[in-house]
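Student: Could you help me learn to read a new structure?
Tutor: Gladly; let's take a look together.

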Amino acid sequence: MLDIKIEKTKEPKIHPKEDDPLAFGTIFTDHMFIMDYTYGQGWHDARIVPYQPLMLDPAAMVFHYGQEMFEGMKAYYGVDGSTLLFRPEKNAQRANHTCHRLCMPNIEELDYIQAIKALVKVDESWVPTKEGTSLYIRPYMIATEPRLGVRPSQTYHFVIILSPVGAYYPEGLDPVKIWVEENYIRAANGGIGEAKTGGNYVASMKAQEEAAKYGYSQVLWLDAKEKKYVEEVGAMNIFFKIGETIITPQLTGSILPGVTRDTCISLCKEWGYTVEERRISIGELEMAAKEGTLKEVWGTGTAAVISPVGELNIHHHPLKVADGEIGELSQRLYDTVTAIQLGKIEDVHGWVLKV
Ligand SMILES: *Cc1c(COP(=O)(O)O)cnc(C)c1O
């Protein structure tokens with residue numbers, strides 16, 4: 001258990017209006033959580049304070065060698081008016097995996113969830129209530145020791161900030177067009193691809209920028225070695241329905257293990273589908289498309305939950321999926337996951353936690 005000191009703001013901000021479209025991650029709530037780590041002492045000084053800039057030494061190691069972990073999850077306004085979290089323990093566990101890979105300290109799973117609950121409680125009035133909206137939760141850890149020598153930092157900040165976000169699909173699920181990237185790579189086996197860290201994002205920006213020139217908003221990454229097997233999309237994992245089988249790339253170490261990915265695998269299995277976690281090549285997709293068995297493609301992630309894919313561009317050849325429409329299973333997954341998150345249907349899996 002953390003002993004969290006709470007200092008409330010004396011200057012509360014004005015909440016966004018109910019019909020504000022809330023561009024992702026641009027508005028922040030009144031408070032933030034912060035605690036400090038010192039080698040030999042562990043975590044200390046857990047506190048909730050008014051939202052404010054961080055004071056860091058210009059030599060803080062995060063600026064030079066990139067020791068940074070982040071997470072992303074949401075709090076939802078439930079149908080009964082309570083505030084709900086979805087599988088927060090999965091995020092806590094993944095945060096620790098990332099920290100382990102990046103030589104950063106562990107946070108007790110229960111402390112992590114306690115900190116999130118405490119902050120969301122203080123800023124509960126910021127949870128937007130309109131259909132499809134949520135309060136985005138961004139926990140992160142940074143190396144703060146002022147030192148230019150290369151080794152893991154001996155001091156850290158763990159911070160949580162909150163941002164009300166609008167509906168991802170104000171007009172229903174809209175299929176996206178995806179560029180299959182054959183020059184740049186995101187991550188290689190043995191690297192940090194399975195860690196949720198800024199380094200993976202900066203590695204991906206150039207390809208994203210180039211794909212955007214061709215009119216594609218997202219990039220599908222291939223494996224670093226053979227540039228043949230599908231990995232994932234930007235900030236989403238990817239699924240294919242070929243015939244009646246669901247296929248998603250197996251977690252090889254270079255792919256981020258998404259919570260939404262795990263949720264979709266569980267639901268598809270419960271619904272009687274065969275789910276294969278395995279390598280899947282671009283050639284296999286092209287073949288399935290030619291034979292007419294490539295039924296649906298969709299991405300999974302906390303931001304959009306399900307993002308149907310309407311087109312894949314392979315070597316400058318657009319390949320249409322499901323006539324650019326949303327598939328039946330993609331829609332069913334979206335409807336079911338969001339219904340569970342909002343407490344609209346019974347939570348038989350124990351995935352939902354009240355704040
Ligand atoms: C966070 C993230 C995902 C999706 O994970 P969820 O837990 O489902 O939100 C997928 N890929 C990358 C690279 C990510 O950073």
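Student: Which residue forms a salt bridge with Lys320?
Tutor: A salt bridge is a side-chain nitrogen of Lys or Arg within 4 Å of a carboxyl oxygen of Asp or Glu. Here Lys320 pairs with Glu311, and their closest N and O atoms are 3.4 Å apart. One caution: this is a predicted model, where local features need pLDDT of at least 70, side-chain atom pairs count only at pLDDT 80 or more, and totals for chains, interfaces and linings use all residues. Residues are numbered from 1 along each chain as its sequence is written, and side-chain values use heavy atoms, with hydrogens and water left out.

Student: Is Lys320 buried or exposed?
Tutor: Buried means under 20% relative accessible area, exposed over 50%, and partly exposed in between (1.4 Å probe, protein chains only). Lys320 is exposed, at 55%, whereas Glu311 is buried, at 6%.

Student: Which residue forms a salt bridge with Glu71?
Tutor: Arg94 does, with the closest N and O atoms 2.8 Å apart. Glu71 is in the loop between β4 (68–70) and β5 (73–77) and Arg94 in helix α2 (residues 88–101), so the pair ties together parts that are 23 residues apart in sequence. Helices (H or I, at least four residues) and strands (E, at least two) are DSSP runs, numbered from the N terminus. Glu71 counts as buried at 0% relative accessibility, and Arg94 does at 7%.

Student: How far is Arg94 from the ligand?
Tutor: A polar side-chain atom of Arg94 lies 2.8 Å from a ligand oxygen atom. For Lys196, a side-chain N or O atom is 2.7 Å from an oxygen atom of the ligand.

How values were computed:
A polar contact is a pair of N or O atoms within 3.5 Å; within protein, one must be able to donate a hydrogen and the other to accept it, and residues adjacent in sequence count only if both atoms are side-chain atoms.
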